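Please keep the sequence and the coordinates at hand while reading.

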Amino acid sequence: MPKNRNTFSSVAPALAAWRRRLGNRAVHAGWRWMQQAGAVTAQNPGPHRFGAIGTGTRLAFPQGTVFGAPWIRLGDHCIIGEQVTLTAGMMPDLDLGPDPVLVLGNGVVLGRGSHVIADTRISIGNDTFCGPGVYITSTNHSYDDPHEPVGKQWPRSEPVEIGPGCWLGTGSVILPGARLGRNVVVAAGAVVRGEVPDHAVVAGAPARIVRRWEPETGWQPPLRTPAPRPIPDGVTPGQLRALAEMAEAEETG
């Protein structure tokens, strides 16, 4: 009898562990299936009827809040991360007129958990990349009346324009009325208002220009690190892996 009890006591934990592993794999496989099935594309728009959704554009599942879709236009090959909010108008089911309110150009990337709140027009240029948690809004609360709760006062709205090729770092905030030029870099956590010229780097709250490129002088202040060497034309991924393995072997050897 003691021998049988020992055998049972050793088998039971192993069986429980096997069931946990099996359940874990099933959960992850199911979640991957839901991510694939729940993604929104031009071919599979789900419950949304966007004004336009371009070729190769994909909204990851689960999506964040989306309303005003008929006034949202998404260009080609955009990547919209999980839990990204896209809204046009102050609330659902409004008629916003004939023109689009929120426009994303081609190749725009919105990182996980970002929010784009367009009560009036917001346009984001081609190939602009946003890190996680970026907040872009065309509306701000007003607090003119000191006796009325801020949240009950009528907000102020101004259009937002973000030029092509920009990079918006994690947690950055773009306020109403902001106009960013071409290839602007917004540092993580920066709060941007007003106009930012082409080829500028801004940081801080409120954001200010900390570096800028001009054709005559280049980057001022000068960059502290050398520019990365581009990959030569015609190099395949397999060749890049082989070079990396050779470099690693030289370092360890």
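This is a predicted model: local features need pLDDT of at least 70, side-chain atom pairs count only at pLDDT 80 or more; totals for chains, interfaces and linings use all residues.

## Pairing around strand S6

Two strands are taken to pair if DSSP finds at least two bridges between them. The strands concerned, S6 and S9 (residues 115-118), run parallel and are joined by four bridges.

S6 also pairs with strand S3 (residues 66-67), again in a parallel arrangement, here through two bridges. Within this second pairing, Phe-67 has Thr-87 of S6 as its bridge partner.

## Side chains of strand S6

In a regular strand the side chains alternate between the two faces of the sheet. Strand S6 (residues 85-88) shows Thr-85 and Thr-87 pointing one way, while Leu-86 and Ala-88 point the other way. On which side of the cut-off do these four residues fall, buried or exposed? Thr-85, Leu-86, Thr-87 and Ala-88 are all buried.

Trp-167 belongs to strand S16, which covers residues 167-168. Because buried means under 20% relative accessible area and exposed means over 50%, Trp-167, with a relative accessibility of 39%, counts as partly exposed.

Once the neighbours within four places in sequence are set aside, the contacts of Trp-167 comprise Phe-129, Cys-130 and Gly-131, together with Val-184, Val-185 and Val-186. As for Ala-200, its C-alpha atom lies 11 Å from that of Trp-167, the two residues being 33 apart in sequence.

## The protein as a whole

The protein contains two helices and 24 strands. Its radius of gyration is 25 Å, whereas a compact globule of 253 residues would have a value near 18 Å. Taken along the principal axes, the box filled by the C-alpha atoms is roughly 85 × 55 × 40 Å. Of the contacts between residues at least 6 apart in sequence, 30% join residues at least 24 apart.

Technical notes:
Residues are numbered from 1 along each chain as its sequence is written. Side-chain values use heavy atoms; hydrogens and water are left out. The radius of gyration is taken over C-alpha atoms; the globule rule is 2.2 Å times the number of residues to the power 0.38. Contact means heavy atoms within 4.5 Å. Buried means under 20% relative accessible area, exposed over 50%, partly exposed in between (1.4 Å probe, protein chains only).
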